[in-house]
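I opened this notebook to keep a record of what I looked up in one protein chain, going from the whole chain to single residues. The entries are in the order in which I checked them.

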Amino acid sequence: MDSTATDRFDTGRFEASRNRMASLAYRLLGSAADAEDAVQDAFLRWQGADRRRIKVPEAWLTKVVTNLCLDRLRSAQTRRERTVGAWLPEPLLDGDPMLGPADTFEQRESVSLAVLTLLERLAPLERAVYVLREAFSYSHAEIAEILDVTESASQQHLHRARGRITTARRRGGREVDPASARRIVEEFLAAATSGRTEQLVALLTDDATAISDGAGLTETLLRYDTPERIAAIARAGFKGTPAKRRLAGGTPAVHYALVNGAPAILFVPGDRVVGAVTFDIADGRIATVRGIAAPDRLIRLNEAWRRHEPDSPLIAEW
């Protein structure tokens with residue numbers, strides 16, 4: 001095999017692992033853009049390596065990507081960008097390969113916006129062990145090899161990570177029936193757009209939380225922590241006005257979608273998503289509402305939406 005053919009063959013071996021590596025990097029970083037950068041850096045290292053000595057490419061690439069992500073998580077710039085109260089994970093549309101693997105409940109939960117947010121509270125090694133074990137089912141022996149730690153240390157990191165995430169999790173931990181979730185979200189949208197405060201409050205848990213990135217116009221996230229306050233903000237925020245349509249660049253249609261496995265509504269003027277609102281459901285009510293409208297957080301979701309064939313909108317002209 002000549003050198004050109006060898007390069008094509010080795011590039012093919014890398015590409016066969018690309019989606020898996022991107023999914024790993026996204027879980028570790030919570031950002032699709034950063035995950036893509038980490039995978040590209042891994043490709044450069046793959047090209048520069050003596051590939052004849054790499055017996056198991058998937059294992060080699062997993063170690064490289066994981067450690068590239070750990071370097072990013074430990075960097076001073078990342079710590080500044082992810083100060084408490086100023087960061088939300090980047091949302092991804094259902095079906096995005098970066099969300100895989102998704103065969104088990106644990107794998108699906110590990111990529112939810114709720115868990116990705118909680119992972120920010122963990123030390124980088126705890127986060128890596130948790131993701132490798134829960135989402136990718138690596139043994140502690142394999143994790144020890146990837147992270148250059150002992151098996152005992154891997155077990156301890158996982159125990160601490162699970163404990164912190166379980167303690168911080170709201171009620172739930174169970175998958176919600178898709179039809180029920182959609183019904184609850186449609187009821188929320190109908191109540192918010194018609195201004196029915198009592199119905200909105202009834203749809204929220206007693207300790208519900210709403211979080212918004214303020215369309216990227218604020219340095220810290222906007223947070224609301226009582227059902228009454230959330231209902232007031234939803235009434236104001238979901239009321240369509242000429243000013244909001246000008247800001248959106250047109251008259252949006254409002255679509256139901258799944259984002260990171262959770263029910264969501266998307267505001268879409270033309271073929272461009274300008275806002276996503278996601279919902280965590282617990283015991284038949286809404287526990288968390290997240291509003292994401294910063295353009296740089298919606299880049300990959302927009303790319304996926306343009307390839308998507310949506311159902312009829314919940315509201316054709318908002």
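**Entry 1, ground rules.** I am working with a predicted model, in which local features need pLDDT of at least 70 and side-chain atom pairs count only at pLDDT 80 or more, while totals for chains, interfaces and linings use all residues. Residues are numbered from 1 along each chain as its sequence is written, and side-chain values use heavy atoms, with hydrogens and water left out.

I then asked how the radius of gyration fits the chain length: a compact globule of 318 residues would have a value near 20 Å, and the protein chain, at 21 Å, agrees with that. The radius is taken over C-alpha atoms, and the globule rule is 2.2 Å times the number of residues to the power 0.38. The C-alpha trace spans about 65 × 45 × 35 Å along its principal axes.

Among contacts (heavy atoms within 4.5 Å) between residues at least 6 apart in sequence, 67% join residues at least 24 apart.

I recorded 20 salt bridges in the structure, each being a side-chain nitrogen of Lys or Arg within 4 Å of a carboxyl oxygen of Asp or Glu. Side chains of opposite charge can pair when their charged atoms come close.

The pair Glu15 and Arg18 has its closest N and O atoms 2.8 Å apart, and because the two are three residues apart in helix α1 (residues 3-29), about one helical turn separates them. I found Glu15 partly exposed at 38% relative accessible area, and Arg18 also counts as partly exposed, at 26%.

Which parts of the chain does the salt bridge between Arg182 and Asp311 tie together? The closest N and O atoms of Arg182 and Asp311 are 3.8 Å apart; Arg182 lies in helix α10 (residues 178-194) and Asp311 in the segment after α14 (299-306), so this pair ties together parts that are 129 residues apart in sequence. Arg182 is partly exposed at 26%, whereas Asp311 is exposed at 54%.

I also looked up Arg285 and Asp206, whose side chains meet in a salt bridge of 3.8 Å, N to O. Arg285 belongs to strand β6 (residues 285-292) and Asp206 to strand β1 (residues 204-212), so the bridge ties together parts that are 79 residues apart in sequence. Here Arg285 counts as partly exposed at 28%, and Asp206 is exposed at 63%. Finally, I noted that Asp10, Arg13 and Arg51 are linked in a network of salt bridges.

Leaving aside neighbours within four places in sequence, I found Ile165 in contact with Leu118, Leu119, Leu122 and Tyr130. The C-alpha atoms of Ile165 and Leu118 are separated by 6.3 Å, although the two are 47 residues apart along the chain.

Gln107 sits in helix α5 (residues 105-109) and is buried, with a relative accessible area of 8%. Beyond neighbours within four places in sequence, its contacts are Arg27, Pro101, Ala102, Glu134, Ala135 and Ser137.

Not counting residues up to four places away in sequence, Thr197 touches Ala231 and Arg235. For Thr197 and Gly250, 53 residues apart in sequence, I noted a C-alpha to C-alpha distance of 27 Å.

Key. Helices (H or I, at least four residues) and strands (E, at least two) are DSSP runs, numbered from the N terminus. Buried means under 20% relative accessible area, exposed over 50%, partly exposed in between (1.4 Å probe, protein chains only).
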